[in-house]
Amino acid sequence: MLIQALLIGIWAGIAGIDLYNGLTHIHRPIFTGLVVGLILGDWQTGLMAGATLELVWAGMVPLAGAQPPNVVIGGIIGTAFAILAHQEASIAVGVAVPFAVAVQGLITLLFTAYSPIMHKMDQLAVEGNTKGIDRLNYLGPIILFAFYFIISFLPIYFGADQAEAVVNALPKWLINGLSVAGGIMPAVGFAMLLKIMWKVSYAPFFAIGFIIAAYLKLPILAIAVIGIAIAAYDFFISSGKSDDSDKGSSAPIKEDLEEDYSNGI
């Protein structure tokens, strides 16, 4: 279990750095869940738990001081709990979210403690010490890696053997409550995402999707394909209109140039 805990800790450190560079998005639960599942020998449960947790964080966007529960720790710990305790993904969500909230508080304290480094950066910039600035820039990712490694390694290594025993010792009503809460959280995530991107013009498509899912009982993949087809059609129509408007706007200019040329200008 030591090797697995070390690998998960290393992956958490990499994903923690990726959370703040915005380049690859490998920190998302649907990806971290698969990697954790591969490490723990159950990639199917890892992928299912990661996909469920991805729905929870779909609409949780960090904006300035408003920081959502930590997506990296939530995805990794939630997936690991589902695999090690042999529980369903919905129960893992009920465990992952409180853990992620607590870790995000620690992240805020870490950033607060690191803030004096910014003043040191200003001083080095005034002095023209570019090597010192480079060293401090590398220090940030190193601290983040160490933080995420420790936070992920300790629960996996020391709590792996006890995870299933603790779950078995919990009363059934509590397990059912966690399962219900975990089932609600993806809906909350989608509601937050819908609140961000909602427009009145989207209401017909929302109604169509609801009818297809609730009454026609089509699978999610089929609904997704229909949504992609509608989006592609709207894109092509919009592109065609913009092309026509460009042609229309250039026609008078072309006529003026031809008239000037005929007049000898």
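The mean pLDDT of the protein, where pLDDT is the predictor's confidence in each residue on a scale from 0 to 100, is 77, and 75% of its residues reach 70 or more. The model is predicted, so local features are given only at pLDDT of at least 70 and side-chain atom pairs only at pLDDT 80 or more, while totals for chains, interfaces and linings use all residues. Residues are numbered from 1 along each chain as its sequence is written, and side-chain values use heavy atoms, with hydrogens and water left out.

**Confidence and overall make-up**

- The secondary structure comes to 10 helices and zero strands, where helices (H or I, at least four residues) and strands (E, at least two) are DSSP runs numbered from the N terminus.
- Among these elements, helix α2 (residues 29-40) has the highest mean pLDDT, 89, whereas helix α8 (residues 172-197) has the lowest, 66.
- Where pLDDT is low, the predicted coordinates should not be read in detail.
- Buried residues (under 20% relative accessible area, with exposed over 50% and partly exposed in between, using a 1.4 Å probe and protein chains only) make up 31% of the 265 residues.
- The protein exposes about 16300 Å², of which carbon and sulfur atoms supply 71%; accessible areas come from the Shrake-Rupley method with a 1.4 Å probe, and for residues only the protein chains shown count as cover.
- Of the contacts (heavy atoms within 4.5 Å) between residues at least 6 apart in sequence, 74% join residues at least 24 apart.

- Helix α1 (residues 2-21) has 20 residues and reaches 29 Å from its first C-alpha to its last, close to the 28 Å expected at 1.5 Å a residue, the expected span being 1.5 Å times one less than the number of residues.
- The buried residues of α1 include Trp11, Ala15 and Asp18.
- His27 is placed in the loop between α1 and α2 and is buried, with a relative accessible area of 5%.
- The side chain of His27 makes a polar contact with the side chain of Asp18 at 2.8 Å; such a contact is a pair of N or O atoms within 3.5 Å, where within protein one must be able to donate a hydrogen and the other to accept it, and residues adjacent in sequence count only if both atoms are side-chain atoms.
- Beyond its neighbours within four places in sequence, His27 is in contact with Ala15, Asp18, Leu19, Thr32, Val71 and Val72.

**Thr32 in helix α2**

- Thr32 lies in helix α2 and counts as buried at 0% relative accessibility.
- The side chain of Thr32 reaches the backbone oxygen of Pro29 at 3.3 Å.
- Not counting residues up to four places away in sequence, Thr32 touches Trp11, Ala15, Ile26, His27, Gly75 and Ile76.

**Aromatic pairs**

- The structure holds seven aromatic pairs, defined for rings of Phe, Tyr and Trp (its six-membered ring) with centres within 6.5 Å, and counted as stacked for planes under 30 degrees apart, edge-to-face over 60 and tilted for the rest.
- The rings of Trp11 and Phe31 have their centres 5.9 Å apart and their planes at 40°, so this pair is tilted.
- Because Trp11 lies in helix α1 and Phe31 in helix α2, the pair ties together parts that are 20 residues apart in sequence.
- Trp11 is buried at a relative accessible area of 13%, whereas Phe31 is partly exposed at 38%.
- Phe149 and Phe153 form a stacked pair, 5.6 Å centre to centre with 5° between the planes, and both lie in helix α7 (residues 130-169), four residues apart, about one turn of the helix.
- Phe145, Phe149, Phe153 and Tyr157 form one aromatic cluster, in which Phe153 counts as buried at 14% relative accessibility.
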